[in-house]
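Here are a few exercises to work through with the model open in your viewer. Try each task before reading its solution.

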Amino acid sequence: MTDAPPLTIDVDGTLTDGQGAIDHRTLPALREWPAPVVIATGKSMPYPIALCHFVGIEGRVVAENGGVVAVADTDTLQFQGDREAALAVTDAYVEAGYSLGWSEVDFVNRWRETEIAVAREQPLEPLESIAADHGLEVVDTGYAYHVKSPDVSKGKGLEVVAGELGLDPAAFLAIGDSENDVSTFEVAGEAVAVANADDAALAAADRVTEAAYADGFFEAIGLDPA
Ligand SMILES: O=C(O)COP(=O)(O)O
Ligand SMILES: [Mg+2]
């Protein structure tokens with residue numbers, strides 16, 4: 001392929017199937033993509049770093065919705081956000097009788113360094129109101145509620161990664177599925193929402209694929225997954 005753009009790709013809902021598993025066909029596609037690939041996710045850093053490692057690409061990662069930026073080839077590791085404030089919010093939420101909704105051994109938050117995630121089965125309204133009291137916001141990715149600083153975003157993270165790589169963020173093709181991808185959609189030159197995307201991502205996208213989940217990812221990059 002000629003003139004392949006650098007990619008910034010969301011994970012859950014975009015590289016996965018409808019059950020949340022990574023679609024295995026995406027792995028060689030990511031490895032063989034002829035331009036840089038940045039994984040931009042709400043998950044904590046070990047998940048996308050491991051994904052890059054096992055795919056066999058450089059670890060170029062925006063994690064925690066922009067709270068953590070890692071660029072392995074330029075020895076970059078940056079943190080944004082207010083972890084203490086996020087902890088104060090979830091402590092107050094638990095104090096008020098609610099639960100984060102994860103198992104006792106909480107792998108969702110264990111390696112999280114700048115924000116806190118709450119299971120979507122938990123009541124949203126009190127979480128939002130406590131977050132607002134602390135100057136934070138709650139982002140619903142469709143997979144979890146993330147309590148985060150409003151000035152942290154995947155899009156700002158992408159700008160940092162692009163700067164490290166000597167690329168213009170506007171050169172990127174962004175692909176995603178939810179409101180935590182809107183900021184990358186705004187920073188990237190072209191933004192594609194997969195068909196299963198939420199309203200915020202659909203509204204912010206330049207194009208929407210006909211196919212959902214990883215099939216939508218393939219459609220967005222113009223590759224036949226077969
Ligand atoms: O961690 C989440 O809640 C969603 O992750 P994603 O940004 O890769 O879709
Ligand atoms: Mg997603």
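**Exercise 1.** Find the hairpin formed by β3 and β4: how many residues lie between the strands, and which residue in the turn has a positive phi?

*Solution.* Start with the strands, which are DSSP runs of E of at least two residues, numbered from the N terminus. Strand β3 covers residues 60-63 and runs antiparallel to β4, with 4 bridges joining them; strands count as paired if DSSP finds at least two bridges between them. Next, look at the turn: 4 residues separate β3 from β4, and Glu64 there has a positive phi of about 50 degrees. Finally, check the pairing, where Ala63 stands opposite Val68 in β4.

A note on the source: this is a predicted model, in which local features need pLDDT of at least 70 and side-chain atom pairs count only at pLDDT 80 or more, while totals for chains, interfaces and linings use all residues. Residues are numbered from 1 along each chain as its sequence is written, and chains are lettered from A and ligands numbered from 1 in the order in which they are written.

**Exercise 2.** Follow β4 onward: which residue of β5 is the bridge partner of Val71?

*Solution.* First, locate strand β5 at residues 76-79, antiparallel to β4 and joined to it by 4 bridges. The partner of Val71 is Thr76. These two strands also form a hairpin with 4 residues between them, and Asp75 in that turn has a positive phi of about 55 degrees. Now turn to the side chains of β4: Val68 and Ala70 point one way, Val69 and Val71 the other, and all are buried (20 or more other C-beta atoms within 10 Å of the residue's own, with C-beta atoms placed from the backbone).

**Exercise 3.** Where is Asp10 found, and is Asp10 buried or exposed?

*Solution.* Begin with the chain: Asp10 sits in the loop between β1 (7-9) and α1 (26-32). Then count: Asp10 is buried because 28 other C-beta atoms lie within 10 Å. Last, consult the record: an unreviewed UniProt entry annotates Asp10 as "active site", though such annotations may be inferred rather than shown by experiment.

**Exercise 4.** Why does ligand 1 lie between domain 1 and domain 2?

*Solution.* Take the domains first, with bounds from an automatic or database assignment: domain 1 is 7-79 + 152-221 and domain 2 is 83-148. Then list the residues around ligand 1 (C-beta atom within 6 Å), among them Asp10, Lys43, Thr141 and Tyr143. Both domains give residues to this shell, so ligand 1 lies between them.

Notes. A residue is buried if 20 or more other C-beta atoms lie within 10 Å of its own, exposed if 12 or fewer, and partly exposed in between; C-beta atoms are placed from the backbone.
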